[in-house]
Amino acid sequence: MAPVGRKNCIRTLPLDILGNLPDDVIDHILIRMPLQDAVRTSILSRKWRYTWCRIPQLTLDRTLWKMHQPAYFETIIRHILNHHRGPVKHFTLLIPYSEQFSYLIQLLRFLIENGIEHLNIKFPYRTTPYKLPALFFKCVLLRHLSLEDCSINHPTAYTGFDRLLCLKLYNVTIEYTLFGTLISQCPLLEQLVLLLSDNQSGVIFIDAPKLKSLDFTGRVWAISLRNVPLLAQVSFAFRGGLVLEAIPDYTRVLESLSAVEHLHLDNHSLK
């Protein structure tokens, strides 16, 4: 029995708390959950049923593939392709099995149609790297791109990624002449991270008027920085080859770094 003179305070809650959450709040919750758990929220209430199908950020990584067989991987991909509706701005894919590439063309087409802007793909390591299909270069809305363990040979009709701000290539095989073309046709590029395969050698040409940060690791015979007036942060970690610009010091490269504020050279670079 409540004490005399004290009113009872009874907090009444809606019968369907989860169903009354605003759509934007639900979207923020789902984005922060592992995809497998986000899919399971369909059972919470009628409003949450298939709500995950509209989230603009999808991550398929080790947390999803752990303890599952290759067939499960393709099942998830097919489920996304069949059920997701609406834009996909961020997409992260860690491919767990070297033989599971049959779906990639369909997946790229899905991402292109849904306006992909941030794309991160890690392929499984193979002696012969997986070659990106020509369709990949139709992702013209990309702003951030990260690729790992693949090879790039862009088509002759390549017109560049004119919105790309950040490019990260890890253990990517690419002809250096093609690399120069790739970079020069990304006019807004601000950040460039390169960790190139050790079995490559050649001359890298970087023409990027908006570039602010460059991080390079790999084997190279020479590197030429052209038109990089805003480049402020530079890191070089060479793994063999000759000297920069084929001269016994870094003079020519340093002359190109009129705006440099932070410069890192590893032991191999200073040898």
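Predicted model: local features only at pLDDT ≥ 70, side-chain atom pairs only at ≥ 80, totals over all residues.
**Figure 1. Strand β3 shows its two faces.** Along strand β3, which covers residues 118-122, the side chains alternate. On one side, β3 is joined to strand β2 (residues 90-94) by five bridges, and β2 and β3 run parallel. Strand β5 also pairs with β3, again in the parallel sense and over five bridges.

**Figure 2. K122 has partners in two strands.** Let us zoom in on K122 of β3. In β5, the bridge partner of K122 is E148. The side chain of K122 also meets that of D149 in a salt bridge, with 3.8 Å from N to O. This pair links distant parts of the chain, since K122 sits in strand β3 and D149 in strand β5, 27 residues apart. Are the two residues buried or exposed? K122 has a relative accessibility of 23%, so it counts as partly exposed. D149 has a relative accessible area of 9%, which is under the 20% cut-off, so D149 is buried.

Figure 3. How many salt bridges does the structure hold? There are two. Besides the pair in the previous view, the side chains of E117 and K89 meet in a salt bridge, at 3.6 Å from N to O. E117 lies in the loop between α5 and β3, and K89 in the loop between α4 (70-83) and β2, so the pair links parts of the chain that are 28 residues apart. E117 is partly exposed, with a relative accessible area of 21%. K89 is partly exposed too, with a value of 28%.

Figure 4. Helix α5 spans residues 104-113, and its buried residues are L104, L107, L108, F110 and L111. Why do these residues line one face of the helix? Seen down the axis of α5, the buried residues fall within an arc of 160 degrees, so they line one face. Just after α5, look for G115, which takes a positive phi of about 75 degrees.

**Figure 5. The largest nonpolar core gathers 68 residues.** The residues with the most contacts inside this core are F91, L147, L192 and I206. Which element gives the largest share of the core? Helix α5 does, with five residues. In soluble globular proteins, nonpolar side chains tend to be buried together. For a closer look, pick L192: leaving aside its neighbours within four places in sequence, L192 is in contact with L167, F179, I183, I206, L211, S213, L214 and D215.

**Figure 6. S151 is a buried residue of strand β5.** Strand β5 runs over residues 144-152, and S151 lies in it. The relative accessible area of S151 is 14%, under the 20% cut-off, so S151 is buried. What does S151 touch, apart from neighbours within four places in sequence? S151 is in contact with P129, Y130, K131, L132 and T173.

**Figure 7. The whole protein has eight helices and 12 strands.** Of its 271 residues, 42% count as buried. The accessible surface comes to about 15,200 Å², and 54% of that belongs to carbon and sulfur atoms.

Technical notes
Residues numbered from 1 in each chain as written. Heavy atoms only, no water. Helix = DSSP H or I, 4+ residues; strand = E, 2+ residues; numbered from the N terminus. Buried < 20%, exposed > 50% of the residue type's maximum accessible area, 1.4 Å probe, protein only. Contact = heavy atoms within 4.5 Å. Arc of directions from axis to C-beta. Core = buried A, V, L, I, M, F, W, Y, C linked by side-chain atoms within 4.5 Å. Areas by Shrake-Rupley, 256 points an atom, 1.4 Å probe, with all protein chains shown as cover. Pairing = 2+ DSSP bridges. Salt bridge = Lys/Arg side-chain N within 4 Å of Asp/Glu carboxyl O.
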